[in-house]
Amino acid sequence: MEKNHFFAMHSRMKYINRWSLMRNTQSENISEHSNDVAAIAHAIAVIKNVRFGGNVNAERAALFGLYHDMPEIITGDMPTPVKYHSSAMRNEFQQVESLACEKLLSMLPEDMKPYYEDCFFPKEKDEYLWKIVKAADKISALIKCIEEQNAGNREFDAAFASTKEAVKKLYLPEADAFIDDFIPSFFLSLDEQNQ
């Protein structure tokens, strides 16, 4: 019997918590985060197509968002200050992440691997979609910062400012449009959103 552990491993995403160096009022795991990133990446791609004359595959952007953090089941969620401490540290982490991706792909049957490979080893043809996923990843983090701030947690104030700036530096008008259209609602209560 083949050992096809891919989806059993995927289900473990719920055990990997994010923001490990920060005091959180509500924990967030990479499964929840990846779901948010997939939805946001899809929306950003749709905005690209309908408002900015693009022709990107929104469903593929969502797919990449869904799996973008799966290697963290093996590597853990490396805190940003550690991951980006130096170029040497970043290069080492990229090698570890690559090995994790290879391990995850090895857990699929041979006939399925080609359908998942692009989710773990980005191809040049998908470069723009991965830029959208990166923006969605940052926007998801921005939303987490807002949620923590709304709960009175000032621990996320600096992260909010730096994350918002990081999205701007991607120079994606469709990501900026998502922020303009959808982020203000995250500052509102449920009752205010329902009005």
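Is Tyr116 buried or exposed? I looked up its relative accessibility and got 15%, so Tyr116 counts as buried, the cut-off for buried being under 20%. I keep in mind that this is a predicted model.

Next I searched the whole structure for aromatic pairs, and the search returned 11. One of them joins Tyr116 to Phe7. I noted 6.3 Å centre to centre and 75° between the planes, and the pair is edge-to-face. Phe7 sits in helix α1 (residues 6-10) and Tyr116 in helix α7 (residues 113-120), so this pair ties together parts that are 109 residues apart in sequence.

Then I turned to Phe178 and Phe182. Their ring centres are 4.9 Å apart and their planes are at 40°, so I wrote this pair down as tilted; edge-to-face would need over 60 degrees, and stacked under 30. Where do Phe178 and Phe182 lie? Both are in helix α10 (residues 173-182), four residues apart, which is about one turn of the helix. For accessibility I found 7% for Phe178, which counts as buried, and 41% for Phe182, which counts as partly exposed.

Last entry: which residues form one aromatic cluster with Phe7 and Tyr116? I listed Phe6, Tyr67 and Phe120 alongside those two.

Technical notes. Residues numbered from 1 in each chain as written. Predicted model: local features only at pLDDT ≥ 70, side-chain atom pairs only at ≥ 80, totals over all residues. Heavy atoms only, no water. Phe/Tyr/Trp six-rings, centres within 6.5 Å; stacked < 30°, edge-to-face > 60°. Helix = DSSP H or I, 4+ residues; strand = E, 2+ residues; numbered from the N terminus. Buried < 20%, exposed > 50% of the residue type's maximum accessible area, 1.4 Å probe, protein only.
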